[in-house]
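Biologist: Before we look at the model together, could you show me how to read helix packing, burial and a chain contact?

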Amino acid sequence: MTIKKRYLRIAHLLFIALILIQFLPDQSTKDVFTNSLISFAVGVEVIVLAASAIIKKEESLALLVDIAGFLYVLLAVWSLATAKYNYLNDLLFPAPGKVIHQFVLDKDKIFINIKSSLRTTLKGFFLAVVIAVPLGLFIGWSARIGSAATYITKFFSSIPPIVYIPYGIALLPSFKSVSVFVIFLATFWPVFAGTMSGVLGVDKKIIDSAKVLNVSKPEMLFRVILPASLQQIFLGCNQGLSVSFILLTSAEMIGAKDGMGYYVKYYSDFGDYTRTITGLLVIGFVVIGVTFLFNKLQSSLLRWKR
Amino acid sequence: MTTNKIEIKDLTVNYIENKKSFNALHNVSFGVGKGEFVSVIGASGCGKSTLLSVLEGLYTPAGGTVQIDGKELRGTGTERGVVFQHYSLFPWMTTKKNIEFGIKQSRHDVKRSERGKIAEEFLTKVGLKGFGSKYPSQLSGGMQQRAAIARALAMNTEILLMDEPFSAIDAKNRVLLQELLLNLWEGDGVEERKTVVFVTHDIDEAILLSDKIVVLTAHPGTVNEIVNVPFERPRSRAELVKTDEYAKFRNRLLSLLYNDIAERIGGDEVVL
């Protein structure tokens, strides 16, 4: 890559434009924390420049720089509409600097809530995967002919898991356990269905190939059928994971005492929309982070596929 | 006749398709001696792959018997190594892991730590040194079959069953693979040769490799003739194809296949 391709990007001009905009006089009646926005933007730019020097693949660098460009435009428009020209109601629409400042102030509290949300989600999710995958393998393999299990799964997975919440509250001791239970259900059925369809779709040639090696039944299930249906299993897991976050945050807004959904709901009840928006953005980043890690795991486990 | 390693007697196999049962193999009988290389040839649909499925233990015959070392064959077993046309290797294991897995299944005496060494040794033998860490999808079709042969040999089974292993390979690589198999099987004359049943539709392949060729006739699959291949070993393709005997022998086999087809042609498409 030439120096030109590496460092001469429109995104850097956008960064400079964003910084220059910050020197316009503020018209908002409230404190808008322009310095927080500037520090944040400079931080992002430093990271992008550092990455530009390191990243080898041209496409990945272009992707990163483009994302940064979008971010700068968004921040520029946002700060123009709020802090600089005050087009929007400044009670409902906090300036970007204010949100960043709020995040820094609240970061300990926010991390506690993220931890609580993630713990609940992962508990329900992994419990479901750990039960659904072996069960799906076993039933899919033993009932290769009968598709009864598939129909039953279809019925149960058609019930939106959120409607279990009232019953769960009656059934279980704490609201935490209700959240885990609902996430469990939301993940269990798609993973179970994915596993079974994976098992039923395994190429007969692969099964023959394993049979002539005289594999034992556990080996057939876990060393042959499991990897052969892994892609379908991951399809189910991805579906379960995305529904899990929707359910989790919904549940937290209904009755929890912590978690990111609770944070958003609690402060919007007080009319603290700076914190509401901070919470929304943090949830976005957390979900993206988890999905990213999960996709990394997936492509690493399926690297043998082309 | 009790000296044969594999003894097939009056084997009859019925296929059920669309609730209609049809006769895939009818009263097939032949023997395979210990250390003998036997090819089964015939037009497609003659039941040659079905015959091999029975030997692999994947298919239960409707009648007749198959004996190995005088004992009735029941199901799959690790005294038989198999090479298929496709998917002999598991795509999620590296080439080396595939071979190690095969060794683990058939040779319980081999310690875990030794499996890797044996796998490397056989990868080298088939010309895949340095490809052990590749997944099958990263290899060409010919290399995949090399690896499948390496696994079958590393498993050190007395019997090798090969179901059209080179049919999906391009012409040039097919020739290379045939020679590789010939050299590995003929060996240095010190080691005992393996008993091989090799299914193919390629006459030249059958002649080059085999001691004996079983010609099958289709609908239902029956044995048309069993021909001994009269050429000395070790064989070399270049030397062999130059001789008149080779041409004569090849013509004889062709007429065995074609006469049969000419007699039976009745609108059915025949693919050799």
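The dialogue below takes these topics in turn.

Modeller: This is a predicted model, in which local features need pLDDT of at least 70 and side-chain atom pairs count only at pLDDT 80 or more, while totals for chains, interfaces and linings use all residues. Residues are numbered from 1 along each chain as its sequence is written, and chains are lettered from A and ligands numbered from 1 in the order in which they are written.

Biologist: At what angle do the axes of helix α2 and helix α4 of chain A cross?

Modeller: Two packed helices are described by the angle between their axes and the distance between the axes. Here the axes of α2 (residues 10–21) and α4 (residues 58–84) of chain A come within 8 Å and cross at roughly 20°, and α2(A) and α4(A) are therefore roughly parallel (angles under 35 degrees count as such).

Biologist: Which residues of α2(A) meet α4(A)?

Modeller: Among them are A:I10, A:L14 and A:F15, while the α4(A) side includes A:V65, A:Y72 and A:K84; residues are in contact if their C-beta atoms, placed from the backbone, lie within 7 Å.

Biologist: Is A:L137 buried or exposed?

Modeller: A residue is buried if 20 or more other C-beta atoms lie within 10 Å of its own, exposed if 12 or fewer, and partly exposed in between. A:L137, which lies in helix α5 (residues 96–142) of chain A, counts as buried because it has 22 C-beta neighbours inside 10 Å.

Biologist: How many residues does the contact take from chain A and from chain B?

Modeller: The contact takes 15 residues from chain A and 17 residues from chain B, and α9(A) supplies the largest share of the chain A side, five residues.

Note on methods
Axes fitted to C-alpha atoms, helices over the stretch in contact; angles between N-to-C directions. Helix = DSSP H or I, 4+ residues; strand = E, 2+ residues; numbered from the N terminus. Parallel < 35°, antiparallel > 145°, perpendicular 65-115°, else oblique. Contact = placed C-beta atoms within 7 Å.
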